[in-house]
Amino acid sequence: MRVDVYDRHDAYVGTIGPRQLLSMVHTDELNGSDELSITTAFPLHEGYRLVWADRLGTVHEHVCQKPKASRETGGVVWTDTALNSICELFGDFIFDKRPYGYGFLQALNVCLEPTRWEAGTVDQRGTVDAGLTFYHTSSREALQDILECGGELETQVVTDGTRVTGRRVGIRSHRGRSGGHRRFSYGKDLTSIDRTEHWGAITACYGFGKGIETEGGGHGRKLTFGSVNGGKDYVEDAAALKLYGRPDGNGGMAHVFGTFSDRDCDDAATLLAETRAYLDAHKEPGVTYSADVIDLVAMGRDWEGVAVGDDVQIVDTCFSPALRCEGRVTKLVTDELGGSMRVTLGNITETMTDMWLSQQRQVSSLSKRSSSWDVAASTPPSYLQQVMDSMNAQFNMSGSSYTFTSFEQGTIYASVPMDANGRSTTGKGSAMQLCSQGFRIASGCKADGSWDWRTFGTGEGFTADLITVGTLMGDLIKAGTIQDRTGRNYWNLDTGDFHLAPGTQLDGKDIATSDTVVASRVKLYAKNMSDTVPPTNAWNPEYGWSEQLPEWSDGYYIWSMERITMGDGSVRYSTPVLEGAYNKACKASHDVQSSLGDIDSTIKDATKDGIVTEAEKAAVKKAMQDVDKEREELSDQYRTLKANSALNSQYVSSVLTPKYTAAFGSTAEGGTYGEYCDRVNDVLECKTAGELETATLEYDTAYSAYSTAVKEYAAAATAAQHAIEQKDAKDYADGILSAYDEQLGQQEIFNRLTNNGATQGVYMENGKLYINASYMSAGTIADAKGRNSWNLKTGVLTTNYMTANNITAGGTFKCGSSRYYTMLNSTGQMAGYRPTTGESANKVAYIDFTASTYNNVDKKTYYGIQMQAQGSVRISSPSISTAATSSTSVTTTTGRTETISQQLVSSVRDNGSTISWTYGNFTLGMINGLVTSVGLVGT
């Protein structure tokens with residue numbers, strides 16, 4: 001969990017990390033308070049904005065109100081109850097606006113004109129009150145006036161990962177998800193529950209509208225609807241009267257009246273409809289349930305999430321009878337750190353569905369398998385009677401039924417009163433009809449008021465839109481298509497088509513990964529300060545992520561996920577995972593280098609005054625213990641890496657082991673650890689300042705060598721750990737991608753057919769042939785178009801593209817065309833071939849790595865490279881540099897490219913008594929230090 005903090009001007013202040021966040025409880029109420037109670041070691045001030053994302057990925061913004069700083073053991077902590085940032089609308093003023101009868105979106109836009117907020121989703125139908133005005137009020141109060149006309153408040157905060165980019169207000173007809181998608185059950189995630197009854201039910205209701213204008217211009221009695229309701233100024237509900245009415249003293253039931261008032265309504269028919277709606281909403285007692293539940297989202301079960309406004313169900317078998325109800329979440333209190341929630345439900349209705357399911361479980365216990373029907377038939381009658389009595393009790397609790405009987409229709413049982421034709425008088429309800437043909441059941445009515453019969457039972461079988469069972473058994477099942485609720489997994493029994501959607505697993509392994517073809521998988525990396533909450537962004541999944549592995553730093557954690565690109569171009573993302581082993585390797589590297597730095601500082605401090613005291617010796621020895629502990633941990637790490645079969649053996653032998661030996665091997669092996677320990681001991685044993693000075697110089701040299709070796713090994717070890725994780729990821733991806741052909745996962749099919757290669761044979765699947773064998777005699781294996789082939793008789797492998805990490809080959813390697821090519825032969829020569837005199841290719845030059853030379857001066861043999869050419873050796877380079885050493889770290893000298901001129905005596909003449917001579921210029925043409933021309937001018 002992280003909370004980003006901004007000041008009142010939206011400037012970034014800092015981030016409250018997991019170590020600073022002591023407690024955080026979010027309270028969200030439908031059309032009510034939205035506040036965040038926080039305790040933190042991070043300094044808070046009035047007006048600070050707290051931006052954070054909950055476990056469902058929803059981003060919230062809360063504004064600090066009255067932060068309180070308290071000094072407690074260990075330091076200062078700040079506490080505050082921050083409010084949803086919609087509270088800033090109290091500072092936006094509306095002088096005079098009159099949105100008479102506007103639609104909700106239009107009225108909301110008027111309300112938000114003076115603010116920086118914008119309208120979000122508005123799906124509340126109808127209009128606001130005809131008399132609604134915003135006069136000398138704040139935008140927040142105006143918004144509340146709109147909500148009193150209908151709809152539910154929803155706020156949305158949009159970020160780009162670094163700042164808030166948008167704030168939106170929505171007015172929803174139904175905030176949250178409907179349909180009871182979430183169930184809280186005792187024994188799973190329900191820990192306690194309270195039930196509160198707020199009001200009693202009414203069975204009839206009077207309605208009053210706008211005052212009727214009198215002839216004198218005033219207003220008299222209020223409007224009623226008796227003129228359009230058979231003379232009655234009230235509406236009533238017969239079913240509610242039977243359940244919740246009062247005894248009238250004469251053996252009957254008397255209504256419990258309520259009243260409804262709309263001071264702006266001037267139409268009797270409209271008032272009648274509004275009063276009827278009010279009665280429907282209040283004809284049952286108002287009940288609220290508050291439950292303490294476990295936040296299963298915190299445990300990785302994202303589908304178990306719940307939010308304010310959601311329709312949910314509660315099942316608690318500790319009540320007697322068992323409590324089974326459903327309703328809307330009207331208030332949600334979430335401990336964001338503790339993983340618990342308190343859910344408050346309103347609009348509760350106890351459901352028949354759970355009653356049915358409970359009794360079905362009891363009955364189904366009699367018939368676990370088809371062979372058990374005989375057992376069920378011999379079950380003692382007393383037990384069956386108990387089951388039936390229990391079912392009758394459940395039905396009796398849910399109320400009586402209305403009955404209609406006729407010769408033509410048989411008997412109809414309904415949950416609401418019926419007219420003379422057996423139809424619902426309310427346009428809704430449920431019913432069951434019994435007649436000589438069988439039975440049929442309706443869970444509702446059609447638009448014309450007739451029952452919507454959807455389930456049928458006759459002597460030939462049952463027909464239903466939906467059958468809910470625990471286990472379905474039978475000797476023969478005839479069906480067209482068997483599929484899940486979403487249609488993503490199905491089996492068409494008519495055509496044989498079988499489809500598994502992404503995420504399908506067998507024994508914990510993926511067996512279906514794409515609707516079409518997975519085009520690619522790319523691993524992405526990111527880092528943050530939490531090892532439990534990944535750096536996710538609901539609006540931009542790749543914000544802060546990169547294909548490059550970020551540099552590890554202390555206090556941060558590396559995370560990874562996969563970008564999965566499908567064949568249709570759509571992109572999906574895997575769940576982020578912590579790179580645990582890599583983070584641990586990086587942490588170990590950091591700790592050992594930190595320990596080395598600590599002991600070096602300790603020794604430097606101890607020797608700076610020319611003498612090492614006993615206390616300073618003890619400090620050095622203590623620091624050395626930390627160094628030895630880190631060395632032991634890195635040695636354990638090395639042994640683990642070395643034993644991992646996923647790590648390339650060549651990397652182990654050529655890189656990892658030499659680096660480890662250089663750091664921690666014995667002195668005889670070339671390790672630097674032993675030498676370093678000896679030099680530390682030398683420092684501690686010095687008696688004089690002179691000895692200490694010499695020992696310190698030798699220590700510095702040993703420390704430099706050891707710390708460098710440790711750093712190089714640590715880098716090699718972290719690279720090895722990353723390579724192992726990449727290998728695991730690559731193996732996983734290769735298992736999915738490597739053998740896809742068109743839209744069929746052939747490798748997966750092959751593995752299933754052959755039990756992952758264990759079973760040999762020839763298989764046919766979907767018109768394709770699969771062969772698995774330890775020996776196969778064949779001529780040529782080639783692809784369909786002949787671009788790639790392997791002649792098993794001659795051994796010739798022909799391919800257009802080849803990618804290989806390592807190749808070990810004997811004999812010769814030839815590359816090029818038939819007339820111009822390069823060949824590596826078995827004697828260590830790399831030779832070039834081309835035509836010289838005819839059409840056939842001849843060897844014209846080679847480079848030999850097996851040659852040696854003997855130096856007659858130092859009597860030594862030297863090995864290196866030999867170049868041979870039939871005609872010439874051409875070098876085309878801007879410069880050539882050389883040095884008389886095999887070391888690549890020595891600076892080389894570049895050969896000169898110029899003309900060198902030197903004056904020389906070109907001729908001498910004997911003149912008898914005198915001698916004369918003539919000068920000439922001797923020139924050398926130089927290219928890259930090689931003499932290319934010689935000249936003598938001026939004779």
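The model is a predicted one, and its protein chain holds 13 helices and 60 strands. Of the 939 residues in the protein chain, 33% are buried.

**The chain as a whole**

- The accessible surface of the protein chain is about 56,200 Å², and carbon and sulfur atoms account for 51% of that surface.
- When contacts in the protein chain between residues at least 6 apart in sequence are considered, 51% of them join residues at least 24 apart.

- Three strands make up an open sheet with mixed pairing, and their order is β10-β13-β12.
- The edges of this sheet are taken by β10 (118-122) and β12 (152-159), each of which has a single partner strand, so one side of each is left without a neighbour in the sheet.
- From one strand to the next, the twist of this sheet averages 30 degrees.
- Strand β13, which covers residues 164-172, runs parallel to β10 and is joined to β10 by three bridges; within this pairing, E118 stands opposite R168 in β13.
- Helix α1, formed by residues 104-112, lies across β10 and β13 and runs at about 160 degrees to β10.
- Helix α2, formed by residues 139-148, also packs on the sheet, where α2 touches β12 and β13, and the direction of α2 makes about 130 degrees with that of β12.

- Strand β16, residues 204-208, pairs with β19 in the antiparallel sense over three bridges, and A204 stands opposite E236 in β19.
- The loop between β22 (257-261) and α4 (268-282) contains D262, which counts as buried because its relative accessible area is 18%, under the 20% limit.
- Residues up to four places away in sequence aside, D262 touches F208, G209, K210 and E274.

**The hairpin of β27 and β28**

- Strand β27 (residues 402-406) and strand β28 (residues 410-414) run antiparallel and are joined by five bridges.
- A hairpin of three residues leads from β27 to β28, and S406 stands opposite G410 in β28.

**Aromatic groups and charges over rings**

- Searching the whole structure gives 18 aromatic pairs.
- One aromatic cluster is formed by Y638, Y660, F664, Y673, Y676, Y699, Y703, Y706 and Y713.
- The ring of Y673, a member of that cluster, has the charged end of R631 sitting over it, 4.2 Å from the ring centre.
- In another such arrangement, K814 lies over the face of Y821, at 4.2 Å from the ring centre.

**Residues with a positive phi**

- Most residues other than glycine have a negative phi, and the two residues that follow are described against that background.
- H136, which is not a glycine, has a positive phi near 50 degrees; H136 is placed in strand β11, which covers residues 134-138.
- The relative accessibility of H136 is 39%, so H136 counts as partly exposed, a class that lies between the limits of 20% and 50%.
- K859, likewise a residue other than glycine, has a positive phi of about 55 degrees, and K859 lies in the loop between β53 (852-855) and β54 (860-863).
- K859 is classed as exposed because its relative accessible area is 54%, over the 50% limit.

Technical notes: Residues numbered from 1 in each chain as written. Predicted model: local features only at pLDDT ≥ 70, side-chain atom pairs only at ≥ 80, totals over all residues. Heavy atoms only, no water. Pairing = 2+ DSSP bridges. Helix = DSSP H or I, 4+ residues; strand = E, 2+ residues; numbered from the N terminus. Axes fitted to C-alpha atoms, helices over the stretch in contact; angles between N-to-C directions. Contact = heavy atoms within 4.5 Å. Buried < 20%, exposed > 50% of the residue type's maximum accessible area, 1.4 Å probe, protein only. Areas by Shrake-Rupley, 256 points an atom, 1.4 Å probe, with all protein chains shown as cover. Phe/Tyr/Trp six-rings, centres within 6.5 Å; stacked < 30°, edge-to-face > 60°. Lys NZ or Arg CZ within 6 Å of the ring centre and 35° of its normal.
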